[in-house]
Amino acid sequence: MRRTTLLGGLATAALLAAAGTLPATASAAPVSTDAFTRAVAQLKAHSGSALVADGQSFTLKNVQTDADGTEHVRLNRYADGLPVLGGDTVVHLGKGNTWKGASQSLAAAPTRGAKARVSAATAGRVALAASTAATRRVDGSQLVHDADAAGTTLAYEVVVGGAYADGTPSELHVLVDATTGKVRDSWEGVQRDGTGNTFHSGTVTVGSTLSGSTYQLADATRGGHKTYDLNGGTSGTGTLVTSASNVFGDGTLANRQTAAADAAYGAQETWDFYKNTFGRSGIRNDGVGAYSRVHYSTNYANAFWQDSCFCMTYGDGGSGWYPLTSLDVAGHEMSHGVTSNTAGLRYSGESGGLNEATSDIFGTLVEFYAANSKDPGDYLIGEKLRTSGAPLRYMDKPSKDGSSADCWSRSVGRLDVHYSSGVANHFFYLLAVGSGSSAYGNSPTCNGSTVTGIGNAKAGAIWYRALTTYMTSRTDYAGARAATLSAAADLYGSGSAEYNAVAAAWSAVSVN
């Protein structure tokens, strides 16, 4: 998943506005433009708590409006024309443009006047050395202010493109300290994580479009989503899948269109889940569908979402694996796109674990939503990915996979994001199902407490609102607890049973 577009122009963004000088016009829709203008004005008026200082500017990412008129305006922050990674903020505006606070993880305003002592060329060489891809190249770089708990540091964000030995494309973002030349952080821009498998979901309905005398696997009712066959390729869109009879596949892997039908079905159910559950119209909430590509490479046992193409890609699997065209793969991977277009959780450290857990959570909820008897809902991640039937991850007790964390500790942020996600997965299971034995597993707690679940619907609503309204790019586990408590208070009331369940479930995984 492409987390940041480096080469799109920074100071030229249409909605760029200095904190002290608001633009007279902007190119966004009127309501968004007005909300943006008012949000920046409120940030200026509350500059102390919002850490707004001279030289800062903002661009609009999106606006979410509640039924009561409360607006949540998500902004990207710049300092002296440079992006502030981790400086993004959500401004909350009540009726009458009243200030209701801001959600952000920025610890201190960026230091002005910092100068790079390392050249861009040197930073590029350092970034190339940090990549483990089989082929690699520098695709672009820019100076940024990188924010963490200690403050901000001037750094180069370098994108190293290429491909891994198994054929997965790479878009590694490497932050190189502009003073010392050392690597501060890195994260992969392509999310490559197979999280389930059903190459045969039974007889299902998929959206198609008649063009002349041929039916195309193109769903006009869901943003124009299309499904393509890469035929073993690793680039481009491939060939649009078509049928003379409006029947795609026959349920066997010998028929190339079976994988395409499963991919289209997964995209369809993911779209419907977000639309009918949260009123979200597509990944970007703009009514535009992504597209899917099947038969990627040869014996490729993975799947990935990529922001740069706004597309979903599936491999056919290899020895010991089935094709990765399943409901929870689609739900998981496309939810990376939703995260990118909302909180933008950086794919490293604790925020990376929360990013990955968000996809596990919503992938699981898509599976429950579809209610397909061939793949009933559960809290196992990738239970049908391997021919052995062994799941990749377990939400009831994540450590059963041998690597994931059940409970938070100071070392969690150093784990691979697929393992640090265990803390949030465990939290969500406890919040939805509860502790102890159930039809879905046997979930312990880290503090010996008993947690009573509130069900998928309420737990999912709380996580979605926290993601879209309160979380930002550097939210950690402590921040996730605060975000979900705020979301629960919004939806069900502070001190409600749901609010108390959120607090109890976080405490049960040692996030206090």
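**Close-up views of a predicted model**

**View 1. The largest cavity of the predicted model holds about 190 Å³ of space.** The model shown here is predicted. The count of cavities of 30 Å³ or more comes to 2. Around the largest cavity stand 20 lining residues, and those nearest its centre are Arg222, His225, Ala267, Trp271 and Met334.

**View 2. Strand E14, helix H4 and helix H5 each give two or more residues to the lining of the largest cavity.** Strand E14 covers residues 218-219, helix H4 covers 256-278 and helix H5 covers 327-340. Helix H4 provides the largest share of this lining, with 6 residues. By residue type, the lining of the largest cavity comprises 12 nonpolar, 6 polar and 2 charged residues.

**View 3. Ser420 is a buried residue of the predicted model.** Ser420 belongs to helix H7, which is formed by residues 417-420. Because its relative accessibility is 0%, Ser420 counts as buried. When neighbours within four places in sequence are left aside, the residues in contact with Ser420 are Gly349, Gly353, Val412, Leu415 and Tyr477.

**View 4. Cys309 and Cys311 are joined by a disulfide.** A disulfide is a covalent bond between the sulfur atoms of two cysteines. In the link of Cys309 and Cys311, the S to S distance is 1.9 Å. The angle about the S-S bond is -70 degrees, and the link of Cys309 and Cys311 is left-handed. Cys309 has a relative accessibility of 21% and therefore counts as partly exposed. Cys311, by contrast, has a relative accessibility of 0% and so counts as buried.

**View 5. A disulfide between Cys407 and Cys446 links distant parts of the chain.** The sulfur atoms of Cys407 and Cys446 lie 1.9 Å apart. Cys407 is in the loop between strand E22 (393-394) and H7, and Cys446 is in the loop between strand E24 (441-443) and helix H9 (456-470); the two cysteines are 39 residues apart. The link of Cys407 and Cys446 is left-handed, with -90 degrees about the S-S bond. Cys407 counts as partly exposed because its relative accessibility is 27%. Cys446 counts as partly exposed at a relative accessibility of 28%.

**View 6. The whole structure contains 2 disulfides.** One of them joins Cys309 to Cys311, and another is formed by Cys407 and Cys446. With the bonded cysteines of the chain numbered in sequence order, the pairing reads 1-2, 3-4.

Conventions:
Residues are numbered from 1 along each chain as its sequence is written. This is a predicted model: local features need pLDDT of at least 70, side-chain atom pairs count only at pLDDT 80 or more; totals for chains, interfaces and linings use all residues. Side-chain values use heavy atoms; hydrogens and water are left out. On a 1 Å grid over the protein atoms alone, a cavity is a set of points where a 1.4 Å probe fits but cannot get out, and a pocket is an open set with protein on both sides within 12 Å along at least five of seven lines; lining residues have an atom within 4 Å of a point. Grid points are joined across faces, edges and corners, and a volume is the space filled by probe spheres set on the points. Helices (H or I, at least four residues) and strands (E, at least two) are DSSP runs, numbered from the N terminus. Ala, Val, Leu, Ile, Met, Phe, Trp, Tyr, Cys and Pro count as nonpolar, Asp, Glu, Lys and Arg as charged, and the others, Gly among them, as polar. Buried means under 20% relative accessible area, exposed over 50%, partly exposed in between (1.4 Å probe, protein chains only). Contact means heavy atoms within 4.5 Å. A disulfide is a pair of cysteine sulfur atoms within 2.5 Å.
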